[in-house]
Structure formats: structure tokens, C-alpha cells
Amino acid sequence: MDAKELKSKTPDQLKDQLVALKKEAFNLRFQQATGQLESTARMRAVRRDVARVKTILNQKAAEAAASN
């Protein structure tokens with residue numbers, strides 16, 4: 001997922017995406033704790049995707065605040 005995709009989404013879509021990514025991160029942590037995790041790189045990718053979504057949400061909120 002890249003920032004270009006995220007910028008074209010609405011804040012509601014981004015919030016839904018954030019919830020899904022957080023659920024995935026939780027499941028990956030659970031898999032790691034039980035020794036079932038196959039791809040540790042996926043944890044890093046999910047964390048970074050969460051950060052990207054949060055950044056875009058904050059940018060959109062700042063733009064909305066500046067325009068009002």
C-alpha cells in the first residue's frame with residue numbers, strides 16, 4: 001500500500017482500513033506468541049501501513065481545520 005492510494009480515500013474509508021490493520025497486527029502478535037508466525041516481515045509492513053494511514057488521516061484533518 002502506498003500513500004497515493006490512501007490520499008484518494010475518504011476519512012471514513014481510512015478509518016475502516018485502520019481498524020482492519022490493527023486487527024491484523026493483533027492477530028500477528030498472537031501468532032508470534034504461540035510460535036505460529038511464518039512471516040515476521042509482515043508485522044513490520046502492517047506497523048508501517050498503520051503509520052501511513054494515521055499520517056494521511058492527520059493531514060486530512062489539518063486540511064479540514066485550515067479550510068474552516
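I took rings of Phe, Tyr and Trp (its six-membered ring) as a pair if their centres lie within 6.5 Å, with planes under 30 degrees apart counted as stacked, over 60 as edge-to-face and the rest as tilted. The model is predicted: local features need pLDDT of at least 70, side-chain atom pairs count only at pLDDT 80 or more, and totals for chains, interfaces and linings use all residues. Residues are numbered from 1 along each chain as its sequence is written, and side-chain values use heavy atoms, without hydrogens and water.

Aromatic pair. I found 1 in the structure. F26 and F30 form this tilted pair, at 5.6 Å centre to centre and 45 degrees between the planes. Both lie in helix α2, 4 residues apart, about one turn of the helix. I took helices as DSSP runs (H or I, at least four residues), numbered from the N terminus.

Exposure. I called a residue buried under 20% relative accessible area, exposed over 50% and partly exposed in between (1.4 Å probe, protein chains only). F26 is partly exposed at 44%, and F30 is exposed at 53%.

Buried side. I list L14, Q17, L18, L21, A25 and L28 as the buried residues of α2. Their cover includes α1 (3–7) and α3 (40–67), with contact meaning heavy atoms within 4.5 Å.

L14. I placed L14 in α2 (residues 11–34); its relative accessible area is 0%. Beyond its neighbours within four places in sequence, L14 contacts L6, K9, V53, I56, L57 and K60.

Helix end. Just after α2, I noted a positive phi of about 80 degrees at G35.

Key
Helices (H or I, at least four residues) and strands (E, at least two) are DSSP runs, numbered from the N terminus.
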